[in-house]
Every structure is written in structure tokens, then in C-alpha cells.
Amino acid sequence: MVNVVRDYLEAKVRTATPEVLVLIVYEGALKFLRQAEYALKQENYPAAVRASVRVQDIMSELTAALDPTKAPEIVENLEKLYDYVSRQTAEAVAKRDPGMLGTPIKVIEELYDTWKKNIVENLSVTRNYCAK
């Protein structure tokens, strides 16, 4: 069963558009933020550290994928948000304070919702344009 799930997820990533890949990455960040929060509440600090490291890795990858030649102001703002989420996550784990993860979770949820809305709107525009 594990292989089936893994194969499905690998196929999902391989066949996803770049826009959908960003959604998948945001989903991963939310998953690990929530795991870190839960682990801290359970006082399972090793699990909280592992989840925190995953969040920080994701934020680093998102930052590295930004292209400052396209919309430099947006790129700068995203860099700041990704840096904030990364630092806040590390600090929450260091201080063993699950409450500190509330804002990073909200930031990523907002980015996810905005990105998803953008994809849907662009798909709608493309469909309308192609239908004419």
C-alpha cells in the first residue's frame, strides 16, 4: 500500500504544471508546520525538530526558485515572508512554544489560497480565450 501511495504522489509531481507544483510545496509546508505544532504540544521535541527542518528546507527551496527579474517587488516580499516563516518555525521549536507557529501557518495558508485562486482565474481566462 505504501508503494502505491508513493507512486501516486511521484506521478502527481512529475505531471504537475509549475503552478500546481507551487501548491504542492505549500501543502507540504503546511503539513510540516502542523506536525511541528502538534509535536510541540505533545512535548515530542525530536519530532518537532524534524518537522521544523522540513519547513525550513521548503522555505529555502521556495526562495531559491524565485526569479527577481520578474516582478522584483513581489519577489522581495515573498523572500521576506519565506524568511519569516523559516525563522519563526525555528524559534518556536527552540523555545518549545507551539503558539508561535500560528502566524507562520496563517501566512502559508494565505499564500496557498492566493496562489490557488490565481491558478483558477488563469485557467478560466485561458478556457474563455480558447473557446472563442
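Glu37 is buried (under 20% relative accessible area, with a 1.4 Å probe and protein chains only) but forms no salt bridge, a term that requires a side-chain nitrogen of Lys or Arg within 4 Å of a carboxyl oxygen of Asp or Glu. The nearest side chain of opposite charge is that of Lys41, 4.1 Å away; Lys and Arg count as positive and Asp and Glu as negative, with His and the chain ends not counted. The model is predicted, with local features needing pLDDT of at least 70 and side-chain atom pairs pLDDT 80 or more, whereas totals for chains, interfaces and linings use all residues. Residues are numbered from 1 along each chain, and side-chain values use heavy atoms, without hydrogens and water.

Glu37 lies in helix α2, residues 18–41 (helices are DSSP runs of H or I, at least four residues, numbered from the N terminus). Beyond its neighbours within four places in sequence, Glu37 contacts Pro98, Leu101 and Ile105 (heavy atoms within 4.5 Å).

Helix α2 also holds Leu30, which counts as buried because its relative accessibility is 7%. With residues up to four places away in sequence set aside, Leu30 touches Ile105, Ile108 and Glu109. The C-alpha atoms of Leu30 and Val55 are separated by 8.2 Å, at 25 residues apart along the chain.

Helix α2 gives the most to the lining of the largest pocket, with 6 residues. The lining comprises 21 residues, of which Val22, Ala65, Leu66, Leu78 and Trp115 lie nearest the pocket centre (a pocket is an open set of points on a 1 Å grid over the protein atoms alone, where a 1.4 Å probe fits, with protein on both sides within 12 Å along at least five of seven lines; lining residues have an atom within 4 Å of a point).

Notes:
Helices (H or I, at least four residues) and strands (E, at least two) are DSSP runs, numbered from the N terminus. Buried means under 20% relative accessible area, exposed over 50%, partly exposed in between (1.4 Å probe, protein chains only).
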